[in-house]
Amino acid sequence: PIPPLLAAVGKKLTVGGWAKLGITNGYADKLAYLGQYFDRAYKVGSNGLPTLDESGVLSPYGEFFPVEAGRFDLT
């Protein structure tokens, strides 16, 4: 499970993720980390599941700018 991140409304937060992958070309004991960024921020409903409502601003550089209070699911 991924722990929650806390951000203040109106303050940017830089976020990123890395996928841990095994190298399959003869170095099975080595790992590689693929950088990933988020492109959508969905509001989370009262049932704990993401809704189809987007909110906040996500830049291509991994900066999230929340524009309202609440829980969000970054994808």
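Modeller: Arg40, at 36% relative accessibility, counts as partly exposed, a class lying between buried (under 20% relative accessible area) and exposed (over 50%), with a 1.4 Å probe and protein chains only. This is a predicted model, where local features need pLDDT of at least 70 and side-chain atom pairs count only at pLDDT 80 or more, while totals for chains, interfaces and linings use all residues. Residues are numbered from 1 along each chain as its sequence is written, and side-chain values use heavy atoms, leaving out hydrogens and water.

Colleague: Which side chain does Arg40 meet in a salt bridge?
Modeller: Glu54, at 3.6 Å from N to O; a salt bridge here is a side-chain nitrogen of Lys or Arg within 4 Å of a carboxyl oxygen of Asp or Glu.

Colleague: And how many salt bridges are there in the whole structure?
Modeller: The search finds four, among them Glu63 with Lys12 at 3.2 Å, N to O. That pair links distant parts of the chain, 51 residues apart, with Glu63 in strand S7 and Lys12 in the segment before S1; strands are DSSP runs of E, at least two residues, numbered from the N terminus.

Colleague: Switching topic, in what order do the strands of the open sheet run?
Modeller: The order is S1-S7-S6, with antiparallel pairing, where two strands pair if DSSP finds at least two bridges between them.

Colleague: Which residue stands opposite Leu13?
Modeller: Phe64 in S7 does, and Phe64 also belongs to the largest nonpolar core, together with Val15, Ala41, Leu58 and Leu74; such a core joins buried Ala, Val, Leu, Ile, Met, Phe, Trp, Tyr and Cys residues through side-chain atoms within 4.5 Å.

Note on methods: Helices (H or I, at least four residues) and strands (E, at least two) are DSSP runs, numbered from the N terminus.
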